[in-house]
Structures are given as structure tokens and as C-alpha cells.
Amino acid sequence: MRALYTAATGMAAQELNVQVISNNIANMRTTAFKKQRAAFQDLIYDHIKRVGAQASDQGTIQPVGVDIGGGVKTVGTPRIMTQGTLSTTGNDLDIAIRGEGFFKIQMPDSTYAYTRDGSFTTDNTGRIVTANGNPVQPTITIPQGSSGLSINAQGQVTVIVQGQTTPTLLGQIGLTRFINKTGLQPIGDNLFTETPASGPPQDGTANTDGYGDMQQHTLEQSNVEAVTEISDLISAQRAYEMNAKVVSAADQMLQSTSNMLR
């Protein structure tokens, strides 16, 4: 019976939906995490009687058709790139982006990845790096013994070098934009890489030409909303249960038909 297979596709779709929701909930406290949602489409139809076809010898047109659907399929798990709330931390190297853009990170293989996670630190040479030790681009090194580290809205990094009284500009942290930021490929560690869908990276300066500005002593929080995720989880569970009931009902109907034919 076709209903068995149709309902099975619905159960599989809602199982994936729950997996996506569970990942969102698991990352509620992950810095700058961007939530996902599951997107579905209906499967191809079996057109038993096509709408608009000739219905009689007199030339009347069939006003409605008989179309039997094959179920549902997952077409994607797009990432929602809305701004997360900003939280003050007090750490000098915590930077949040307010608006458009990503930090550009150099990976160990000399390729580049991109992140909204601005929880930076310094390595043993004084370079500004991510929590995994990958340098933020362009590379900026903080001299040993310096003080008064300041990062303004444009990403300019200044310190007071030991033995001096006026701030010294060390460099400027850049931002990168993409035409389609939802087309970026997540690779873990709060990092994304470019893809043909995202378009090429567009490097620029914070707080200019549509790029967001930088907020020192601040981190962007996850954009996951607990109430929304719990509501979606309940809806997915109900949909799964209803599809399971269809499977059970179809199985009982098949058993009844089999018993009648004996």
C-alpha cells in the first residue's frame, strides 16, 4: 500500500527536523552560532487524472485532477544569519561584529576560513589568534610589555608600548562579506568556508560601505531562541507521531485485506 511508503517519508523528514532542532538547542550558548532550519518539498505526483484534460466527447474540460503524492523530501537545512545579541565580557580581545561581515582567519594549510566568533587571544609570539591558535587577518602582533590595548569600531588596534606614553597603531582587523552568506560551508570550530554558492569573499573595512562595526569587550551570542526551538520540537514530534499512526493504520488495512482473501 502506497500510504506506508508515503508516511515513512514523513517520519524520516521529521526525524531529520528533530536532529536540526537538537543541534540548535545544543549550541544555544555557542558564541555567534547561527541556527538552522529544515526545509522540505513534496515529492513527485502520480497523475491519475490530469486537470485540464478533455473530460468527454463533447469537449468539456476536467476542472480538477486526481493527483496522488509520493510524500516529502528534505531539500536543505539553511542557516539563519540574523544578528545575535551582544554580551559584555570585559576582555580586551573579545570583539563582536554589529552588522554585516566575518572575521577572516588563516588556517594551518594557508587557506582562509571565516567566523563571527570574536573570542580572540594571543599566542606565544603576541599574534592575535582564535581559540585554536589560527591568526586573525591581517596578522597583528602585540608587543611584549605593552598596555592599554584598544580596538575601535573600524578595527584599528592600538596599544601603549613600554617606555612610551602615546598610543601606537599596530594594525587594523578587517571584515569580509559574501553575496550569499547562507551559502557558506560550516566546518566546525565556529568557522565557515566559501563555496560557489556563497560567492567570492569581499574584504573591506569595518564601519564603512555597509560593513558592520566592531565592539571591543563584547561577544555576539547565539541567535537561537529557546521558546521557538521548543515549540518547533513539539510540532515535529506531533508530525512524526501522526505519520507513525498512518503507517499503523495502513498496516492494519493490509492485514484485513489479506485475511479477507484467505
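This is a predicted model: local features need pLDDT of at least 70, side-chain atom pairs count only at pLDDT 80 or more; totals for chains, interfaces and linings use all residues.
Across the whole structure, a search returns four aromatic pairs. One of these joins phenylalanine 102 to phenylalanine 178 in an edge-to-face arrangement, with 6.1 Å between the ring centres and 75 degrees between the planes. This pair links distant parts of the chain, since its two members are 76 residues apart. Phenylalanine 102 is in the loop between β6 (95-98) and β7 (103-106), while phenylalanine 178 is in the loop between β14 (175-177) and β15 (185-188). Phenylalanine 102 and phenylalanine 178 are both buried.

Phenylalanine 178 also pairs with tyrosine 114. The geometry of this pair is edge-to-face, at 5.0 Å centre to centre and with 80 degrees between the planes. Tyrosine 114 belongs to strand β8 (residues 112-115), whereas phenylalanine 178 is in the loop between β14 and β15, so the pair ties together parts that are 64 residues apart in sequence. Tyrosine 114, like phenylalanine 178, is buried. Together with Phe192, the residues Phe102, Tyr114 and Phe178 form one aromatic cluster.

Two aromatic rings have a charged side chain over the face. The ring of tyrosine 112 has lysine 104 over its face, at 4.3 Å from the ring centre. In the case of tyrosine 211, the residue over the face is arginine 177, at 4.1 Å from the ring centre.

On the surface, a nonpolar patch is formed by Ile25, Ile230 and Ile234. The accessible area of these residues together is about 230 Å². Isoleucine 230 is part of helix α2 (residues 226-260). Its relative accessibility is 43%, and isoleucine 230 therefore counts as partly exposed, a class that lies between the limits of 20% for buried and 50% for exposed.

The loop between α1 (2-26) and β1 (39-42) contains glutamine 36. Because its relative accessibility is 16%, glutamine 36 counts as buried. A contact at 3.2 Å runs from the side chain of glutamine 36 to the backbone oxygen of threonine 77. Alanine 32 is found in the loop between α1 and β1 as well. This alanine 32 is not a glycine, yet it has a positive phi of about 60 degrees. With a relative accessibility of 8%, alanine 32 counts as buried.

A positive phi of about 60 degrees is also found at aspartate 189, again a residue that is not a glycine. Aspartate 189 is placed in the loop between β15 and β16 (191-193). The relative accessible area of aspartate 189 is 57%, so this residue is exposed.

Proline 138 is located in the loop between β10 (128-129) and β11 (147-151).

Definitions and conventions: Residues are numbered from 1 along each chain as its sequence is written. Side-chain values use heavy atoms; hydrogens and water are left out. Rings of Phe, Tyr and Trp (its six-membered ring) pair if their centres lie within 6.5 Å; planes under 30 degrees apart count as stacked, over 60 as edge-to-face and the rest as tilted. Helices (H or I, at least four residues) and strands (E, at least two) are DSSP runs, numbered from the N terminus. Buried means under 20% relative accessible area, exposed over 50%, partly exposed in between (1.4 Å probe, protein chains only). A charge sits over a ring if NZ of Lys or CZ of Arg is within 6 Å of the ring centre and within 35 degrees of the ring normal. Patches are made of residues with over 30% relative accessible area and no salt bridge: like charges are joined within 9 Å, nonpolar side chains (Val, Leu, Ile, Met, Phe, Trp, Tyr) within 5 Å. Accessible areas come from the Shrake-Rupley method with a 1.4 Å probe; for residues, only the protein chains shown count as cover. A salt bridge is a side-chain nitrogen of Lys or Arg within 4 Å of a carboxyl oxygen of Asp or Glu. A polar contact is a pair of N or O atoms within 3.5 Å; within protein, one must be able to donate a hydrogen and the other to accept it, and residues adjacent in sequence count only if both atoms are side-chain atoms.
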